[in-house]
Amino acid sequence: MALNAQPALWPAPTASGAVDATVHVPGSKSVTNRALVLAALASEPGWLRRPLRSRDTLLMAAALRAMGVGIEETVSSSSSGAGGSGEAWRVLPTGLHGPATVDVGNAGTVMRFLPPVAALADGPIRFDGDPRSYERPLNGVIDALRVLGARIDDDGRGALPLTVHGGGALDGGPVAIDASSSSQFVSALLLSAPRFNQGVEVRHIGATLPSLPHIRMTVDMLRSVGAQVDTPESGGEPNVWRVTPGALLGRDLTIEPDLSNAQPFLAAALVTGGKIVVPDWPARTTQPGDQLREIFTEMGGICELTEYGLVFTGSGAIHGIDVDLGEVGELTPGIAAVAALADSPSTLRGVAHLRLHETDRLAALTKEINELGGDVTETADGLHIRPRPLHGGDFHTYDDHRMATAGAIIGLAVEGVRIENVATTAKTLPDFTELWAGMLGKN
Ligand SMILES: O=C(O)C1=C[C@@H](OP(=O)(O)O)[C@@H](O)[C@H](O)C1
Ligand SMILES: C=C(OP(=O)(O)O)C(=O)O
């Protein structure tokens with residue numbers, strides 16, 4: 001088998017006892033892709049240290065390079081010392097050029113964050129991607145960009161494929177959008193807004209708004225490169241964000257570990273009554289994965305955040321949970337997997353928008369856990385999970401990295417679970433199977 005090739009059906013290893021491991025979790029997808037966009041729009045070069053190298057972030061880097069941005073990959077040591085030595089990306093911003101073609105894969109961050117960047121290029125930028133990318137909502141970005149002055153050719157469905165006819169600059173100004181299907185619509189418009197002639201005022205007019213921590217991440221990162229952003233939290237109107245036009249600084253940024261990708265490892269401590277240490281867990285972060293400290297504590301674990309990182313210990317018991325995951329939707333598959341092994345039922349709410357993620361996650365989790373003997377039902381906005389004894393079987397992933405890691409969590413406790421296309425974890429965690437084996441002492 002070629003290096004890194006994975007079998008079509010990966011036998012998920014069962015845990016022979018309590019796990020006890022330190023897991024170095026690679027960098028955050030969401031932080032890496034925002035940092036790349038902001039560095040590309042800056043007026044001076046910048047550094048990303050310990051960036052995530054995964055399908056989603058390599059697609060983002062390739063797209064920016066296609067528009068003329070220089071991204072040099074080096075192994076370096078941090079001048080600040082904060083990042084230590086390791087991989088670093090030096091980003092050299094230039095004028096953004098078209099024509100170019102962007103492959104978004106199935107990366108929400110690439111398909112939503114880059115059309116506003118493309119509107120600033122001096123020629124047409126064609127966007128295409130995986131079949132699933134055609135089904136994921138993009139109307140909030142397309143419609144808003146048209147209001148803000150961009151010319152876009154699409155097939156009228158509010159989705160990919162499309163061409164943004166960059167005119168070298170964009171007016172910007174006020175715009176109202178319904179971001180109830182994805183917070184990434186808001187983040188996308190804010191990230192490029194310092195470069196719009198009038199900046200932007202984004203008003204969300206939908207009933208719900210998912211993933212607020214990810215919008216806070218956008219705002220925090222914009223401010224850290226010198227942008228002026230007014231938010232509902234800083235005294236502005238509810239559901240309104242304003243970005244003032246202005247130059248962005250080039251920064252030297254060390255990327256935090258991906259706390260959502262830490263989830264399967266923490267889950268392993270819960271499921272086996274073991275202990276997992278995640279070094280460099282940030283003391284303060286906008287990453288939604290930080291909420292795992294609370295959620296997994298309620299489900300039976302014990303957390304200690306030290307200077308070194310997070311120490312998470314399972315008690316041996318796994319409790320069901322009734323929780324609104326609207327802010328942290330990407331944690332749902334991993335929580336559902338743990339809930340299927342718990343000692344009481346769970347209700348996961350506030351995540352209707354997961355039907356439009358990498359796959360319809362509510363349908364996929366229901367089907368796959370039930371095929372292993374589980375008892376999961378879909379609700380209007382989530383899942384009811386009643387734990388039952390599970391048995392082995394093939395766990396399908398629908399090209400969804402978080403389905404693969406959810407299946408691996410169940411496989412720790414259930415003999416004979418085989419994960420179909422575990423290689424799909426490459427979207428955000430290409431090293432998943434090696435890290436999993438290392439955690440289990442099976443390397
Ligand atoms: O902005 C981001 O980096 C993300 C926002 C969220 O998207 P949705 O608001 O579409 O759920 C999240 O689920 C996704 O994994 C990453
Ligand atoms: C929803 C996710 O990704 P995307 O950035 O493609 O929306 C995810 O990673 O769980």
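Biologist: From which domains does the shell around ligand 2 draw at least three residues each?

Modeller: This is a predicted model, and in it the shell around ligand 2 draws at least three residues from domain 1 (9-27 + 257-439) and at least three from domain 2 (29-254). Helix H3 (108-118) and helix H11 (401-413) each supply at least two residues of that shell.

Biologist: Which residues come nearest to ligand 2, and how does the shell divide by class?

Modeller: A residue belongs here if one of its heavy atoms lies within 4 Å of the ligand. There are 14 such residues around ligand 2, of which Lys-29, Gly-108, Arg-136, Arg-402 and Lys-427 come nearest; by class, 7 are charged, 6 polar and 1 nonpolar.

Biologist: Which side chains have an N or O atom beside an oxygen atom of ligand 2?

Modeller: For a polar contact one looks for N or O atoms within 3.5 Å. An oxygen atom of ligand 2 is 2.6 Å from such an atom in the side chain of Arg-402, while the corresponding distance is 2.8 Å for Glu-358 and 3.3 Å for Gln-184. Taken alone, ligand 2 exposes 290 Å², and the protein buries 97% of that.

Conventions:
Residues numbered from 1 in each chain as written. Chains lettered and ligands numbered in written order. Predicted model: local features only at pLDDT ≥ 70, side-chain atom pairs only at ≥ 80, totals over all residues. Heavy atoms only, no water. Polar contact = N/O pair within 3.5 Å; in protein donor to acceptor, adjacent residues only side chain to side chain. Areas by Shrake-Rupley, 256 points an atom, 1.4 Å probe, with all protein chains shown as cover. Helix = DSSP H or I, 4+ residues; strand = E, 2+ residues; numbered from the N terminus. Nonpolar A, V, L, I, M, F, W, Y, C, P; charged D, E, K, R; others polar. Domains from an automatic or database assignment.
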